[in-house]
Amino acid sequence: METKELSITGVQMPVIGMGTWKLGGSFASDYSHDQQAIESLKAGIELGLILIDTAELYGTGHSEELVGEAVKRVRDKVFIATKVSPQHLTCDGVLRAAEASLTRLQTNYIDLYQVHWPNSSIPIRETMRAMERLVDEGKVRFIGVSNFSVELLRQAQEYLSKYQIVSNQVEYNLLNRRIEKDLLPFAEKEHITVIAYSPFAVGRLLSYSGRGKDTLKQLAVKYGRTIAQLCLNWLIYKQPVIAIPKAISIKHLEENAGAAGWRMEPEDYEIVDKVFH
Ligand SMILES: NC(=O)c1ccc[n+]([C@@H]2O[C@H](COP(=O)([O-])OP(=O)(O)OC[C@H]3O[C@@H](n4cnc5c(N)ncnc54)[C@H](OP(=O)(O)O)[C@@H]3O)[C@@H](O)[C@H]2O)c1
């Protein structure tokens, strides 16, 4: 699997990972597809999709439990990214949430701990104090944020005295390119990894029939790839970006793994850029 360095940490990350929203439920736990979810996660790891993104919110913790079950025999080979919910961003709240995530994930460290969404009613200073403590204690390797603007990202970084924020997880796909205005150039300049969520616009891009669809079809033929692969490949062509599609189907996982390790000619990325603008 093609890799990129996570920020300037020296840690190499696969450019395609696995999302887990709806694995184990969405806003409530769902135990009905546990076996399939665990098998999919294991199959994804075999394919090299070793970055697994989850959150305490997903399935009210059941997604983390499924990830913990799937990785327990290969813990040192995977990179677990989880998230603390916005209502838990006080210092004590973060510390408690991290302990609960560690238990559900059956591990003693989280590779990347991300603030899921900002919360303007809790000072970010408090949140970052807890994050720093978790790294000091060896419970978290790297600190990340999600859904942060450039300004919030700067503020959060100011309250960290010892560590850098290594990533910002944000929505980014061909139908939503908002981050290209300021966040993407900022991340590139500051060496912050952008983790692109909803890379298929929650699947919408794959049944999409609007402007640009024919261009994607033509390029898919030209490069012998699928449209899903083109959508992911367009994202990872951008220097600071890695993508975390969610897939429970093994066929989808295989396809997604095949989105890395090749490039189109530069002018073809420009054509896609123009037609989806
Ligand atoms: N930080 C945040 O606030 C935030 C917000 C949203 C999402 N996320 C993260 O980002 C991850 C991905 O985003 P998402 O779940 O919103 O949506 P997504 O990855 O854009 O789309 C997921 C959908 O695409 C389908 N799919 C996957 N690979 C495919 C392929 N090769 N061909 C055809 N269909 C394919 C999946 O089907 P099957 O499952 O049936 O295979 C699923 O229905 C989440 O799971 C979560 O980890 C984070």
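A polar contact here is a pair of N or O atoms within 3.5 Å; within protein, one must be able to donate a hydrogen and the other to accept it, and residues adjacent in sequence count only if both atoms are side-chain atoms.

| Residue | Atom on the protein side | Distance to a ligand oxygen atom |
|---|---|---|
| Asp53 | polar side-chain atom | 2.8 Å |
| Lys246 | side-chain N or O atom | 2.6 Å |
| Ser249 | polar backbone atom | 3.1 Å |

On its own, the ligand has 910 Å² of accessible area (Shrake-Rupley method, 1.4 Å probe), and the protein covers 85% of that.

Keep in mind that this is a predicted model, where local features need pLDDT of at least 70, side-chain atom pairs count only at pLDDT 80 or more, and totals for chains, interfaces and linings use all residues. Residues are numbered from 1 along each chain as its sequence is written, and side-chain values use heavy atoms, with hydrogens and water left out.

So who surrounds the ligand?

The ligand sits in the largest pocket, with more than half of its atoms within 2 Å of the pocket's grid points. A pocket is an open set of points on a 1 Å grid over the protein atoms alone, where a 1.4 Å probe fits and protein lies on both sides within 12 Å along at least five of seven lines; lining residues have an atom within 4 Å of a point. This one holds about 700 Å³, the space filled by probe spheres set on the points. Its lining has 30 residues, with Trp21, Ser198, Val202, Ile244 and Lys246 nearest the centre. Of the lining, 15 residues are nonpolar, ten polar and five charged. Here too α9 (residues 250-257) supplies the largest share, three residues.

The second largest pocket has a volume of about 240 Å³. Among its 13 lining residues, Val170, Glu171, Arg178, Ile179 and Leu183 lie closest to the centre.

Notes: Helices (H or I, at least four residues) and strands (E, at least two) are DSSP runs, numbered from the N terminus. Ala, Val, Leu, Ile, Met, Phe, Trp, Tyr, Cys and Pro count as nonpolar, Asp, Glu, Lys and Arg as charged, and the others, Gly among them, as polar.
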